[in-house]
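Welcome, and take a moment to look over the model before reading on. The paragraphs below will lead you through it one part at a time.

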Amino acid sequence: MFYDLDNGVIDQVTANKRIDSLGGLNNYSQIKSNLMQPSFLTNHSLSFTGGSQFYTYYGSVAYTNDQNTSKTDLNRYQLNLRQDFVFNPSIKLDLTTNLGFEDSKDFVLTDLPGSINNYLPYAMFQDAAVNNISQAYLKRYEPFRLDAENKSKVSLDYIPLNEPGFTKNDNSNFSARMNAGLSIKLAKGLNYEGRFQYQRIVNDGYTYYNNNSYKVRDELVYFTQAATTPTGTPTYYLPNSGGHYLTSNTNQIAWTARNQFTYDRTFNSKHQVSGLAGTELRSSLSQMHETYRRGYDFQTQTYFLYNEQQLATTGVTNPVLQKTGATFNTLNSTPETFAEDETRFFSLYGNGGYTYDRKYTMNASIRMDQSNLFGTDKSAQYKPIWSVGTAWNLSKENFFDSKLFSNLNFRLTYGLGGNAPRPGSGGPYDVIFARNSAQFAGLGTGYIIATPANNRLIWENTTTLNGGVDFGLKSNKISGSLDVYDKTTKNLLGFQPLDPTTGWYSGYANLGSMRNRGVEFQLNTTNLTKKDFSWKSVFTLAYNNNKILELKAYRALTFSSKVNGQFVEGYSAYSLFGFDFIGLDNKGNPMARSANKDTVRLISQLTDADPVYKGVTQPLWYGGLTNIVNYKNFSLSFLLVYNLGHVMRRDVNSFYSGRLTNNYPVYFNDRWKAPGDELKTDVPVYIANVNASNSQRYVNLYTQSITNIVSASYVRLRDLTFTYNFKPNVLNKLSMQNFSVYGQMNNLLIWANNNYGIDPEYYNLQNGTRTSKMPAFFTIGLRTTFK
Amino acid sequence: MKRFGFYFLFVLILTYILVGCDKFLDVKPKGKDIPRTIDHYNGLFNNNNLVSLGNFRSLPSGATAILGNADLPLYMSDDIYSSSAYLTTNTMSQQNAFRWLDNVFLPDEDPNDWGAFYVQNYIYNLIANDVMDAEDGTPETKKQLQAEARANRAYMHFFVLNYFGIPYNAATASTYAGVPIVTQADVGQTNFTRATVKEVYDFVIAELTESIPQLSAQTISRLRLSQAGGYFMLGQVYFQMGDYANALTALKNCQNNLSNTAVPFALYNYNTTMNSWYSPSAPWRGASGHPNMFNSTENIYVKQMPLTSVIQRNCLYVKQNILNLFASDDLRLRFFYNKNQQNGTITLPGTQRNSPTAVNWGSSLPNLYLMLAECKARTNDLTGAKQDVETLRKMRMPAASATVPSLSQNDFIKFILNERQREFAGTGMRWFDMRRLANDATFNNLDGKHQLDADTYTLRPERLTLKIPPKILAYNPAMKDNQ
């Protein structure tokens with residue numbers, strides 16, 4: 001339209017008319033009705049229990065049907081059985097078996113030109129008569145498409161809503177788990193416990209795109225040469241019948257064996273000794289096999305061959321459609337993919353404690369882990385972590401005589417924890433991956449280096465000092481605890497940017513150190529107890545303050561590592577910095593104030609001192625409040641959660657140059673359009689050419705401005721449950737033990753401290769982008785047990 | 001007694017677990033490994049990313065992210081011009097390089113033109129330093145792989161020096177800073193210092209000279225280095241330094257080794273091949289049938305520079321005075337056209353090189369013949385020189401036009417320099433000739449003007465050398481920048 005207007009093909013009136021008619025279109029309801037469905041979950045379960053003195057069992061069967069908003073349909077069947085055997089008073093065995101089967105079918109709509117969340121609103125999927133219509137115009141300029149169709153004799157039309165009909169898929173999952181535990185009393189106070197678990201999960205799935213599918217047709221055209229004579233047949237280098245058949249098979253086997261001895265005995269009713277020592281073995285193996293076949297016929301289960309080596313190296317010259325910037329098209333396909341991952345762990349652990357006269361306690365623990373994980377030296381794994389602690393129960397002292405407190409216990413622990421360098425991320429050896437490519441056929445297996453060696457890596461270690469008090473009031477109406485902790489982590493492990501002169505852009509390294517200090521408080525209260533009425537509540541409050549003490553940077557700090565990064569030495573982790581935005585200039589470009597009070601417009605004028613600290617994206621104060629109210633047969637409970645004191649970036653529009661191919665936030669309308677607008681708006685002007693835009697301004701001065709950093713605090717009513725329990729006399733007649741009806745509402749209300757309708761829980765606070773929100777949902781259930 | 005039996009059993013289990021533990025943890029994951037065997041070290045060369053002068057980063061998942069190519073010479077060569085309607089779609093550093101500005105790289109940019117060489121250098125260092133400790137393989141094989149790695153490492157240093165070190169001049173080479181010499185595969189290295197231009201050249205020549213005898217005598221692939229390729233590199237280095245006598249010796253050695261090969265070496269005769277490469281009905285596609293660099297029989301060892309991003313953007317056009325150098329029946333003209341390559345629908349402000357979509361900056365026959373010719377001409381072997389130039393020209397145009405007229409030594413050298421401009425127009429290889437000829441009193445043919453619509457940008461001698469990228473200076477605060 002704009003081209004036609006510009007070239008004088010149509011006049012302004014016609015153009016306006018056409019723009020208005022497009023403006024009147026909105027595919028929202030078509031997307032909603034054709035690409036989505038209301039989410040609906042049903043769950044049925046039945047449990048049974050029985051047994052004797054020596055043998056008891058508990059079993060359940062369940063069926064779930066889940067239809068989610070993206071039109072996936074899933075059925076799940078579950079069978080659980082737990083059996084307990086008592087051989088004699090000192091030997092017990094339990095055995096739990098879980099079997100599960102799951103089958104799902106996805107709604108597959110491929111090659112949609114754009115994300116459904118910001119799809120062009122005027123690109124309609126159906127016409128007025130509810131026929132599915134073509135969107136080929138979003139794929140390719142029409143004369144090119146017709147030319148390509150003519151040369152290849154393959155249709156390149158694209159009707160999105162017809163596409164799901166051209167695909168088939170199915171995915172099934174079978175899982176089995178056996179868990180056995182053996183407990184033996186060996187001597188007075190000494191117990192042996194053994195636990196063994198074996199688990200296997202098998203996942204099988206396929207997706208099939210038949211030859212009407214756009215994906216199949218489009219790829220074919222790229223590997224087709226036009227016929228040399230008008231009546232001739234084009235040369236197809238890929239099968240021109242049959243579709244793409246993708247299969248995927250994964251197999252997971254995991255087992256755990258734990259053997260431990262526990263000891264707990266009190267001597268002379270004064271000395272209580274307890275101890276625990278054990279070993280644990282863990283193994284997990286996962287295997288994956290994927291195939292990709294072209295030219296596959298679903299019905300006859302046959303396929304056509306094509307020359308993979310030739311297509312990967314010499315490719316197709318003079319194809320009907322060229323890949324951008326290439327004179328010949330090559331195809332890099334992986335017809336088969338295999339992957340296997342096996343991890344094994346061995347742990348040794350123990351702890352011991354001693355309490356004198358129930359007043360003075362001392363305890364200590366130690367743990368050591370080893371793994372087969374790669375690129376680490378086994379010797380480097382023998383690094384135990386330990387802790388020691390002491391406690392004093394003041395309320396048990398003879399001299400303790402308080403009218404207020406019934407319980408008062410003081411605790412103090414100190415410990416050293418450690419983290420080995422994460423295997424696979426870095427270690428004393430370079431890790432290589434096998435990667436073959438067609439160009440090197442005949443020269444041996446190819447290898448690429450996945451992670452570089454770094455033998456300077458040392459363990460990350462954390463020292464924790466924790467002090468606490470548990471208290472209970474005489475009236476038993478109030479109890480709770482208060483903990484204070486101070487945690488210092490040194491040699492933090494993580495990825496760090498590197499000087500490319502080394503050959504790497506980032507590497508796993510010891511980054512620096514960090515200190516965390518905080519308070520945790522819990523209060524349980526019984527507010528009211530009357531004959532038919534009771535009200536209890538639990539209140540929790542936590543406060544955390546942290547600071548990055550040291551961050552080893554191999555290069556100087558830049559403004560961008562402050563604004564885009566989250567870790568800056570001397571500040572808290574997840575700090576948010578912004579530009580000191582002062583408004584738009586008379587061309588609609590953003591301006592900011594630098595640290596030395598100059599006005600800056602360009603990226604090259606910025607220094608690391610310019611960004612201003614505005615807070616952290618992690619809440620400083622957080623916790624919850626649960627209330628449970630009972631009145632006769634009714635019961636009501638609700639949970640409030642709160643997160644306070646943190647900040648986030650606003651979800652401003654970030655599209656200010658380039659081609660408009662998506663739907664953008666409505667804030668785009670507020671942008672600067674004509675001189676004088678700078679007095680009314682802060683939103684920068686749109687400049688079509690990306691590089692012209694970049695060379696005259698830096699839009700982030702606005703998008704990452706401190707004026708766009710707002711409070712992320714919120715309080716949410718997480719859930720509200722209402723239950724009615726039927727009276728026993730009613731139940732007796734129905735031979736039921738209990739019967740209740742309940743209704744639960746989740747994600748009900750939110751009070752967020754911002755004016756932009758942002759729910760900080762479903763939001764990327766650092767980048768200022770919304771994420772898919774979990775809507776309020778309701779559950780209604782019946783619960784009953786028969787006699 | 002019953003109790004005792006239990007204890008005994010548990011002690012037995014526990015002992016078994018502790019003893020079996022080492023075996024239990026000794027399972028190796030599939031698909032990945034640490035470099036141990038000769039196959040591993042050999043396989044490290046079989047890496048697609050080493051074929052281009054590309055900048056890439058490997059991810060722990062085993063995937064590779066391609067960051068770009070060391071392609072600024074395409075923009076800084078003096079045989080091209082541009083138009084802002086198209087150039088503005090390029091990255092800022094490409095635009096700045098075209099304008100020959102002092103500050104080319106953005107403050108936060110990971111510079112491809114620095115990274116490409118050092119990223120590949122890491123892999124070559126790892127092989128060079130560790131292959132001798134491989135658990136298997138004969139000493140000969142180990143030495144051969146080590147030589148291949150050392151020669152390539154030297155080659156990487158040669159390239160990066162020709163971006164960031166001043167053009168070689170025997171008088172000043174030992175006073176001006178070149179680039180860091182990195183011979184360890186160690187990510188913990190910091191505070192790199194720039195060796196002088198002379199030190200880098202000395203390192204490159206010494207490494208190549210020591211390595212060449214150990215390289216495979218036979219060329220087994222255009223992607224693996226043989227003695228022929230090694231001698232080419234050495235010749236190219238001397239040639240770049242203006243040491244034509246030494247260059248000649250090395251290049252002759254290259255030529256003599258060409259016959260020992262498993263892959264065919266031959267110049268394409270455009271008089272016949274162009275018929276199948278070029279379609280008169282779609283001239284905007286150029287010689288689209290030209291084989292790719294891995295298969296082209298003209299290539300000895302491939303280090304390719306993709307032109308795709310230039311062709312895609314339609315942003316660089318060969319200057320008219322360069323096009324005027326071509327005889328009208330020169331078949332190389334088929335590589336140039338003034339419409340967009342995709343479908344010929346846009347008429348461009350100039351004539352762009354549209355095919356093939358990558359060019360080989362490594363060892364190739366055309367460059368071999370042209371370097372041989374120039375070395376011979378400069379050492380006054382005009383007959384030899386004439387023969388070499390004509391060998392190439394006969395393959396590029398009808399025989400009648402291919403003959404070189406009798407010329408004086410100086411005019412003949414100028415003719416060969418023009419032949420280089422014809423053969424390599426719009427490939428970025430001119431950048432290296434610009435640097436080589438900048439200090440040549442007689443043959444300096446630099447054309448230091450870049451036209452961007454109505455604006456003219458002038459090349460100052462300092463900008464034959466890029467300044468060190470700001471990000472590299474940030475990592476190495478003590479490092480000195482260029483003028």
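A residue is called buried if 20 or more other C-beta atoms lie within 10 Å of its own, exposed if 12 or fewer do, and partly exposed in between, with C-beta atoms placed from the backbone. Helices (H or I, at least four residues) and strands (E, at least two) are DSSP runs, numbered from the N terminus. This is a predicted model, in which local features need pLDDT of at least 70 and side-chain atom pairs count only at pLDDT 80 or more, while totals for chains, interfaces and linings use all residues. Residues are numbered from 1 along each chain as its sequence is written, and chains are lettered from A and ligands numbered from 1 in the order in which they are written.

Let us begin with chain A. Its secondary structure comes to 10 helices and 39 strands, and its C-alpha trace spans about 105 × 75 × 70 Å along the principal axes. Of the 787 residues in chain A, 19% are buried. Two residues are in contact if their C-beta atoms, placed from the backbone, lie within 7 Å. Among contacts in chain A between residues at least 6 apart in sequence, 65% join residues at least 24 apart.

Now turn to chain B. Here you will find 19 helices and 13 strands, and a C-alpha trace that spans about 110 × 55 × 50 Å along its principal axes. Chain B has 483 residues, and 52% of them count as buried.

H6(B) is mostly covered, with 17 of its 19 residues buried.

Next, look at a pair of helices. Two packed helices are described by the angle between their axes and the distance between the axes. Axes are lines fitted to C-alpha atoms, for helices over the stretch in contact, and angles run from 0 to 180 degrees between N-to-C directions. In chain B, the axes of H15 (residues 382-394) and H17 (residues 409-423) come within 11 Å and cross at roughly 20 degrees. That makes H15(B) roughly parallel to H17(B), a label for angles under 35 degrees. Where the two helices meet, Leu382(B), Ala385(B) and Val389(B) of H15(B) touch Gln409(B), Phe412(B), Ile416(B) and Glu419(B) of H17(B). By class, this contact has five nonpolar, one polar and one charged residues. Here Ala, Val, Leu, Ile, Met, Phe, Trp, Tyr, Cys and Pro count as nonpolar, Asp, Glu, Lys and Arg as charged, and the others, Gly among them, as polar.

How do the chains meet? In all, 71 residues of chain A are in contact with 82 residues of chain B. On the chain A side, S14(A) gives the most, with six residues. That side divides into 30 nonpolar, 33 polar and eight charged residues.

Finally, some backbone details. Most residues other than glycine have a negative phi, and most peptide bonds are trans. Arg358(A), in the loop between S14 and S15 of chain A, has a positive phi of about 55 degrees although it is not a glycine. With 13 C-beta neighbours inside 10 Å, Arg358(A) counts as partly exposed. In chain B, the peptide bond from Ser355(B) to Pro356(B) is cis, with omega near -15 degrees.

Note on methods
Angles under 35 degrees count as roughly parallel, over 145 as roughly antiparallel, 65 to 115 as roughly perpendicular and the rest as oblique.
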